Every structure is written in C-alpha cells, then in structure tokens.
Amino acid sequence: MQRFTLMFVVIATMGVACTQSEVPAPVTPDPRSHDFFSFANTDEFVNEHLQLDLRVDFEAEELQGSATLRLRRTASNATEVVLDTRELTIEDARFELPGGESVTATHRFGESQAILGTPLIIAVPDELQAAEELLLTIEYRTSPGATALQWLPPELTAGGEHPFLFSQSQAIHARSWVPLQDTPAVRITYDANIHTPPQLMAIMSANNDPDTERDGDYEFEMPQPIPPYLLALAVGNIYVAPIGDETGVYTEPELLEASAYEFADTQDMLDKAAAMFGPYQWGRYDLLILPPSFPYGGMENPRLSFITPSVLAGDRSLVSIIAHELAHSWSGNLVTNATWRDGWLNEGWTSYLEHRLMEVIYSEERAAELAVVDYRELLLDLEVVPLEQQALAPPFESGDPDDFQGIVPYHKGNLFLKYLEKSFGRDVFDEFIADYFGEFEFGTITSEVFLDYLDEKLLSAHPGIVSRSQAEHWLYQPGLPDTAPIPVSTSLDAAADFAWQWSQGEIDIADVPAADWSPQGMIHFINSLDADLSEEQLVELDTALGLSNTHNAEIGRTWFIQVAKRQFRPGYGKLDEYVNRYGRTRLVKPLYQALVENGVDATLAREMFERARGLYHPVTVTSVELILE
Ligand SMILES: [Zn+2]
C-alpha cells in the first residue's frame with residue numbers, strides 16, 4: 001500500500017518479456033506464527049479455494065450471495081470451522097456430502113470484538129467427521145457499513161452519473177465482505193461470479209478480460225493463491241485502454257485518455273522489474289484509476305493495482321507510485337507477511353525494491369533524493385512513535401493492524417535492507433534477493449523465518465561482515481543502530497542552497513534552475529525557504545515558478561502548506577481550488593492542518609471544509625474532522 005511518500009518516474013524502454021509460471025499449491029501456515037488478528041482455527045482447517053457468487057446492490061449498499069470455501073482438514077478431531085466475519089448477515093450454511101447432496105450445518109456467532117469483528121462458528125456434521133476435504137457454502141449479505149466496501153454516489157465519481165463501488169480488504173477488512181479465514185497466514189485461489197446493474201462493469205484482483213461483454217454478469221478466476229487481504233472488487237462505469245501486451249488501464253471514460261497517457265510506460269516498468277527481481281508470476285498487470293475521492297495513494301491488488309487519480313499530473317512525473325505497487329508483485333503478494341506484526345516484510349521490502357526500480361528507470365541521483373526524503377521522515381517519526389513500536393518485528397498482539405502500518409515498517413525496513421546491501425555488496429545481495437523470492441514464492445513468512453534464512457544464506461555464508469545479533473537489533477530494538485546508512489543527495493543539497501541564497505537576496509529568482517529539478521528537488525527547495533519571507537518575495541516566487549498553478553499534486557501540496565503556514569493570502573484562492581480538486585487524505589489533510597495551526601485561520605479552514613466535504617470520501621472526512629475539532 002502506498003500511504004506516504006510519492007515517487008517520481010520517467011521511464012525508458014527495455015525489452016524483457018515477463019513470464020507466467022506454473023500455478024503452485026497453497027502453502028501450509030508457518031507453525032511459528034500466530035495471528036492475533038483472526039479468529040480462524042487455521043490449525044484445524046485450512047481454506048484453499050474460495051468461490052464467490054455475489055449480486056451488487058447499489059440501492060441497499062449490499063453484496064448478496066454466497067461464498068463456497070474448500071477446506072482441508074489438518075486436525076483429525078476438529079469438529080467446528082471458525083471463520084472471521086464483520087457485520088455479515090448469515091442466511092444459511094451447508095456442507096456438501098460425498099454423494100453431491102448437501103446438508104445444512106448448525107452455525108452461531110461467537111463474541112464480537114470491536115477491531116476483530118465476530119467469529120462465525122460452524123459445526124461439522126457427523127457424516128463429515130472423517131473427511132479430509134470439506135466444501136462449505138455460506139449464503140450471506142454484507143452490511144451497508146462494511147469496512148472494506150466504499151459505495152460512492154455518482155457525485156463522488158469523475159463522470160458524476162453512475163455509482164461506484166471499490167473494496168479495500170487490507171489489513172483485516174476482507175471479513176466484512178466475505179466470511180473466511182482472514183489472515184495472511186493462509187493463501188487461497190478463487191473464482192467469482194459478480195452480478196451488477198447491466199450498464200456497469202465489474203473488475204477484480206483476478207483474470208480481468210479487457211474484451212469482456214458489458215452485460216452485468218462477470219466471471220473471474222484467480223489461479224494463483226493469494227492472502228485474503230488481496231481480494232478486491234470494483235464496480236462502476238469502467239472502461240479499459242490497452243498499454244502494452246500484458247498491461248492496460250481501467251477507469252471511468254472521463255479519465256481514460258489522461259490515464260492511458262500518464263501510465264503509458266507501465267509495460268516497460270513491468271519488464272524492468274521482472275529483469276531485476278525475477279519472473280512476474282501473475283499474468284497481466286493492469287491499473288485501476290479510481291474516482292477523485294479515492295482516499296489512498298494506491299493498493300497492490302494482484303493483477304490490478306488500485307491507484308489514486310491525483311498522480312495524473314499530465315507529464316508522467318508522478319507515475320512512480322506504480323513502481324511501488326508493482327514491486328509488491330514480489331514483496332507482499334508473492335512473499336507475504338504471515339501476520340500484520342511482520343508488516344515490514346511487505347512494506348520495507350517494497351520500499352527497497354521501489355528505490356532499486358527508480359535507479360534503473362531514472363537515475364541513482366533520483367533514487368538518492370527519495371532515500372533522503374524517506375530518511376528525514378523516519379527520523380521525525382522515531383521522535384514520536386513509542387519505543388516498543390519502533391522495532392521492525394515488535395511484540396504486537398493487540399490494537400488495530402491499520403494503525404500499525406506507519407512509517408517504521410516502510411522506511412526502517414528499507415534502511416535495513418540497504419544496510420545489508422551495503423555490507424555484503426550489491427552483487428551478493430542481488431543474488432540473495434532472487435534466492436529469497438524463489439525460496440518463499442507463494443508463501444507466507446514471519447520475521448523469524450526471514451532471520452533464519454538471512455543467517456543461513458548471507459550472514460553465515462559470508463562470516464565476519466554482519467552478525468546475527470546485529471540483524472536482531474534491527475528486528476527487535478527501537479531506533480536505528482549506529483551502523484545504519486545515512487542517505488545523501490547532492491541535488492537536494494543544491495536545491496536547499498538555492499533556496500537560502502534567494503531568500504537572502506544573493507541571487508535573482510531567474511538564477512534558480514527550477515526547470516532542471518525533479519519534483520523532489522522543487523519540494524525540497526520550497527521546504528528550505530527562509531521562514532521570514534515577505535509577501536512581495538512570495539508573490540515573486542509564485543509568479544516565477546507557477547507554484548499556485550502547478551498540475552503536480554505533490555508540489556501543490558508542499559506549496560499550499562507553506563501558503564497556509566505563512567498566511568500568504570494571495571494564494572488562498574488557489575488553495576481553496578486545490579482542496580476541491582483532490583480527495584486523497586494525504587493531499588488535503590495537511591492543508592487544513594496548516595490553516596488551523598497558523599493561529600488565525602481555523603474558522604476559514606472549517607468554512608473551506610464545509611464547501612469541499614461533499615467531494616470527499618468518509619475516510620478523508622473523518623480524518624480532517626479530527627483536525628478541525
Ligand atoms: Zn506498499
């Protein structure tokens with residue numbers, strides 16, 4: 001998932017074909033892992049395949065239908081199947097008998113917990129007490145408040161005429177739309193029949209067919225086993241434009257042309273990633289560009305990354321978010337954290353791969369800029385995050401997994417891997433990367449499994465470089481070890497110098513080589529300006545660099561934070577336009593915050609928010625309301 005820094009990419013071409021491997025068997029959960037965020041009795045039954053048949057009811061804001069789970073028995077004396085649910089209405093549960101008939105099963109709900117939802121306990125009938133494999137069908141419907149499902153009314157879409165539905169199952173929200181074992185420790189294949197209003201189109205994290213007939217009945221198959229948090233569905237006035245042989249972009253017609261242009265290099269990026277990290281194992285790689293109110297940056301749903309439209313800058317300067325979501329095709333989707341306590345295995349690895357991809361696609365300097373930005377963000381975060389949450393593999397047994405996916409697993413995880421790369425040399429570490437993905441592909445692992453593998457393949461194989469206790473320090477101790485690498489960027493240092501010199505009146509604005517900078521360079525320049533600039537200076541700056549009129553959402557975000565902080569009133573009109581253009585939480589929340597915190601504009605912030613809130617997703621509304629209170 002992409003929640004924090006945005007990366008910036010321009011892409012060259014390189015022709016390496018991606019391949020599709022044989023579909024492997026699902027992997028048995030690691031016995032050393034225990035998932036505190038699931039009720040499922042995965043030590044007795046393991047879900048291997050899921051079949052969905054769901055009707056999408058926009059009026060009721062419900063999914064209605066059935067889920068059939070193929071379960072493998074792993075404990076001979078087990079008499080109940082326990083599944084995760086959240087606010088599901090269960091209408092019927094039945095098992096299929098060996099002859100093909102079915103028998104209704106007794107089911108009941110266990111005790112609900114605020115974060116985890118409600119266990120659904122289903123008794124296995126006597127006839128099946130010796131069965132190795134069980135086929136369990138549950139008829140159910142979701143609730144309008146299902147935490148995974150966002151039902152957008154037409155006015156929150158780009159077109160404004162049709163409703164839109166999208167899911168966000170990570171971390172533990174799949175249980176709010178499917179009764180299942182909602183833990184990344186198990187992997188399932190799935191197939192699905194989705195019924196929608198006939199004018200709308202459904203797509204899933206599965207084998208979407210770009211040529212499918214738009215008739216309201218859609219069939220999907222996902223032959224590669226995935227953790228349940230990667231189950232994904234979107235329904236709306238969605239069309240597709242091809243990008244490359246294996247890539248395409250899905251979105252509303254209003255965004256289709258801009259999206260196809262912006263992400264035209266996705267096929268090249270896929271080819272480059274496959275050349276570096278090993279074969280791309282998922283078949284097609286498509287993008288879904290969501291309506292403007294999508295509150296997140298992106299979500300790595302396999303075969304179909306969900307992406308914010310705020311990266312449609314018109315100049316392909318923000319498409320590197322694709323690098324992050326694409327990298328998850330290896331780290332996270334192919335090799336998965338066994339529990340949410342091991343989230344760095346997904347996000348730290350992905351941040352590392354993303355920076356490696358940026359080097360190849362762009363330049364070492366561009367990757368260094370990103371490393372510096374991430375490092376500063378990490379240092380600031382370590383000042384406020386409680387010590388026990390600063391370890392990569394912390395003792396994390398309660399709370400909300402959504403709250404736990406902060407900056408530490410991303411940036412500290414990335415830094416740990418950079419430290420290993422630096423210590424052992426890139427050639428040795430690259431070999432380790434390829435072996436690691438090969439060893440654990442379509443598997444789920446804990447930090448301890450990773451540590452053992454690291455020890456065997458790298459630490460002990462090349463003794464005297466990094467000790468096991470040094471690696472354990474990264475995993476289990478707060479803060480950063482003394483040996484942590486400190487990223488540097490000469491181009492960002494230069495941008496900061498220009499900001500200082502111009503602020504002091506030593507150079508003219510025309511001498512600032514802004515046209516040569518990456519978006520990160522411009523952002524760093526803006527953030528490095530003297531705190532005491534006059535309004536005349538700000539007007540000169542804004543006019544010369546076109547900051548208030550930028551089409552780059554990240555530069556705009558940085559600039560308008562300064563506009564609010566400095567109470568630069570000539571910029572307030574454009575600031576107001578900005579918060580009405582984007583619904584992504586990362587982009588608008590800090591602007592309201594800067595207005596509230598500048599000491600005089602809290603009322604103005606509330607007024608602006610009241611005008612814009614109808615365009616925002618509830619996730620964004622809630623998080624901005626917290627600030628305005
Ligand atoms: Zn991510």
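Mentor: A residue is called buried when its relative accessible area is under 20%, exposed when that area is over 50%, and partly exposed in between. We will apply this to a predicted model, in which R72, with a relative accessible area of 26%, is therefore partly exposed.

Trainee: How many of the residues of the protein chain count as buried, and what is the overall extent of the chain?

Mentor: Of the 629 residues, 60% count as buried, and the C-alpha trace spans about 85 × 65 × 50 Å along its principal axes. The radius of gyration is 25 Å, which agrees with the value near 25 Å that a compact globule of 629 residues would have. The chain contains 18 helices and 21 strands.

Trainee: How should I read a salt bridge, and which residue does R72 meet in one?

Mentor: The general idea is that side chains of opposite charge can pair when their charged atoms come close. In this structure, the side chains of R72 and E48 meet in a salt bridge, with 2.3 Å from N to O. Because E48 lies in strand β1 (residues 45-57) and R72 in strand β2 (residues 62-73), the pair ties together parts that are 24 residues apart in sequence. E48 counts as buried, at 12% relative accessibility.

Trainee: Which parts does the salt bridge between R341 and E448 tie together?

Mentor: The closest N and O atoms of R341 and E448 are 3.0 Å apart. R341 lies in the loop between β20 (335-337) and α4 (344-361), whereas E448 belongs to helix α9 (residues 447-459), so this pair ties together parts that are 107 residues apart in sequence. R341 counts as buried at 16% relative accessibility, while E448, at 22%, counts as partly exposed.

Trainee: How many salt bridges does the structure hold, and which residues are linked in a network?

Mentor: The structure holds 29 salt bridges, and a network of them links R356, E359, E421, R426 and D430.

Trainee: Where is T212 placed, and is T212 buried or partly exposed?

Mentor: T212 sits in the loop between β12 (201-204) and β13, and counts as partly exposed at 28% relative accessibility. From C-alpha to C-alpha, T212 and M201 are 9.2 Å apart in space, and they are eleven residues apart in sequence.

Definitions and conventions:
Residues are numbered from 1 along each chain as its sequence is written. This is a predicted model: local features need pLDDT of at least 70, side-chain atom pairs count only at pLDDT 80 or more; totals for chains, interfaces and linings use all residues. Side-chain values use heavy atoms; hydrogens and water are left out. Helices (H or I, at least four residues) and strands (E, at least two) are DSSP runs, numbered from the N terminus. The radius of gyration is taken over C-alpha atoms; the globule rule is 2.2 Å times the number of residues to the power 0.38. Buried means under 20% relative accessible area, exposed over 50%, partly exposed in between (1.4 Å probe, protein chains only). A salt bridge is a side-chain nitrogen of Lys or Arg within 4 Å of a carboxyl oxygen of Asp or Glu.
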